[in-house]
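We will go stop by stop.

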Amino acid sequence: MNKNIQSDKLHEECGVFGVFSPETSDVASTVYYGLFALQHRGQEGCGITVNDDGVLHTHKDMGLLNDVFTSETLHSLGHGNMAIGHVRYGTTGGRSRENCQPMQVNHIKGAMSVVHNGNLTNAAALRKKLELSGSIFHSTSDTEVIAYMITKERLTHPSIESAVEAAVEVLDGAYSLIIMSPSKLIAVRDRHGFRPLCYGTRSDGSYIIASESCALNAVGAHFVRDIEPGELLVIDKNGSRSIRTHCGKTPLSMCVFEYIYFARSDSVIDGVSVQESRIRAGEFLASAYPVDADIVVGVPDSGLDAALGYSKASGIPFGLGFIKNKYIGRTFIEPGQSVREDKVRIKLNPVESAVRGKRVVLVDDSIVRGTTSRRIITLLREAGAKEVHMRISSPPFLNPCYYGTDVDSRENLIACNHSIEEIADIIGADTLGYLRLEDARQIAAGEGRSFCTACFSGSYPTDIPENVSKNKFERKISENPDRS
């Protein structure tokens, strides 16, 4: 039985990766290594589709890349000149192999495979409309809705890219897509730019598309640029070309939590270093919530950079307060119900010599329900910390997210039910400080750059389902519509 170790931590989105090679080669291995660099974005399931001269071969299943793919499995996918892949954490739809990606569709205009990072806010309405017109769904994922919308448009449009261009007109919410047809690879980013997507090239002439720039580095690709919000980038044997019909129509609304937690620290998104944005968040925290202390420690991994920033701005020495078990992913197998070990203890171990007898500033990226924070603070106190002052590099979560982030319904968010002083008491901290909302908007500031902070502020950049909570919204998609 899979259990999440940090049950009140947010889950990553999903990760998408694609390659177009000028010659037939082992593209499956390239995607496999690229997905490894994106494994932090999803550990629930994964898959790869290889295009062998127009014939698509897909393998996908539940589990980590090491669980799903062996050398024999990769070999069975064959060689080709294109491939796409996906790592998944599901925020819409149930946990099953059917909901793993890529989603492959076979139709009269040719086969197509799709990978998707994000969440459609109108998925339930689109699905109902498609089903009433005769579409039959095999999953509960909104990615299949996207695939069917493209297929529907393909019947009346002369090319796959013009069909995609028409389909995205009716898609609301967040979507970074890679679409593979028999002869083309198409990267699409929604007009708000909620989720990251970039591309690069290799010396052999290959094009690489990925959720984050760190995945380009993993396969030896040179970063070219981010896909612009609203852009379609089409790659085929003639090179690349851009369709910008939907660009510039809405302000950029990149999810600010990509910088706070989701993305890997060595990635650069929309021209801003993730690591530098986290350091800046720590500096803001030090300015807003100073405290007399002896050491600043971060919770691995995303809390480390913010802790460095707090240390830099406050002058309090930075120290390594925890050792993270590198052999445990974000999920693990419980041997049995009789085993009652604290999951946080399995993953993190305090460095007693660093914290004993000291006043500690503990920096983490978020508090959702508070259970993990309480356990981590307990570990520090058991290791001899005299005081623990917690600093959080994000504002309090007060609202659900409809764009792919696993922010729970309001009733389960600790900040919706308790004051900051009460939360500090619940988690066992001497003091508690959150990043201010105005500072969150500045951690990756730049000309023309704005962020989605709806989970903190309640100000959504798009229309959202009316009178529907986050949980009901997800059930609405996963349940079959009334066919009476």
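Two strands count as paired if DSSP finds at least two bridges between them. Keep that in mind for the sheets below. Note also that this is a predicted model.

**Stop 1: the whole chain.** Colour by secondary structure. The protein chain has 18 helices and 25 strands. Of its 484 residues, 58% are buried. Now think about contacts between residues with a separation of 6 or more. In this chain, 70% of them join residues 24 or more positions apart.

Stop 2: Select strand S2, residues 15-25, and strand S5, residues 80-88. They pair in the antiparallel sense over seven bridges. Zoom in on valine 16. Which residue of S5 stands opposite valine 16? Histidine 86 does.

Now widen the selection. The open sheet runs S4-S3-S5-S2-S11-S10-S12, with antiparallel pairing. Its edges are strand S4 (55-62) and strand S12 (222-226), and each of these pairs on one side only. Ignoring direction, neighbouring strands are turned by 15° against each other on average.

**Stop 3: the sheet of six strands.** This sheet is open too, in the order S6-S7-S8-S9-S13-S14, and its pairing is antiparallel. Strand S6 (103-105) and strand S14 (239-243) are the edge strands, each pairing on one side only. From one strand to the next, the twist averages 20°.

Strand S13, residues 232-236, pairs with S14 in the antiparallel sense over five bridges. Show side chains here: valine 234 stands opposite arginine 241 in S14.

Why are tyrosine 32 and phenylalanine 36 separated by about one helical turn? Because they are four residues apart in helix H1, residues 27-36. Is tyrosine 32 buried or exposed? Tyrosine 32 is buried, with a relative accessible area of 11%. Phenylalanine 36 counts as partly exposed, at 34% relative accessibility.

Next, select arginine 127 and phenylalanine 137. Arginine 127 lies over the face of the phenylalanine 137 ring, 4.3 Å from the ring centre. Then select Phe257, Tyr261, Phe262, Phe397 and Phe456. Ring pairs link these residues into a cluster.

**Stop 4: the nonpolar cores.** In soluble globular proteins, nonpolar side chains tend to be buried together. Which residues have the most contacts inside the largest nonpolar core? They are Phe257, Tyr259, Tyr310, Phe397 and Ile443, in a core of 41 residues. Several elements give two or more residues to this core, including helix H9 (274-288), helix H10 (302-314) and strand S22 (359-364). Helix H8 (257-262) is also among them. The largest share, five residues, comes from H8.

Finish at a second, separate core. This one has 28 residues, among them Val299, Phe322, Ile377 and Ile414.

Key:
Residues are numbered from 1 along each chain as its sequence is written. This is a predicted model: local features need pLDDT of at least 70, side-chain atom pairs count only at pLDDT 80 or more; totals for chains, interfaces and linings use all residues. Side-chain values use heavy atoms; hydrogens and water are left out. Axes are lines fitted to C-alpha atoms, for helices over the stretch in contact, and angles run from 0 to 180 degrees between N-to-C directions. Buried means under 20% relative accessible area, exposed over 50%, partly exposed in between (1.4 Å probe, protein chains only). Rings of Phe, Tyr and Trp (its six-membered ring) pair if their centres lie within 6.5 Å; planes under 30 degrees apart count as stacked, over 60 as edge-to-face and the rest as tilted. A charge sits over a ring if NZ of Lys or CZ of Arg is within 6 Å of the ring centre and within 35 degrees of the ring normal. A nonpolar core is a set of buried Ala, Val, Leu, Ile, Met, Phe, Trp, Tyr and Cys residues joined through side-chain atoms within 4.5 Å. Contact means heavy atoms within 4.5 Å.
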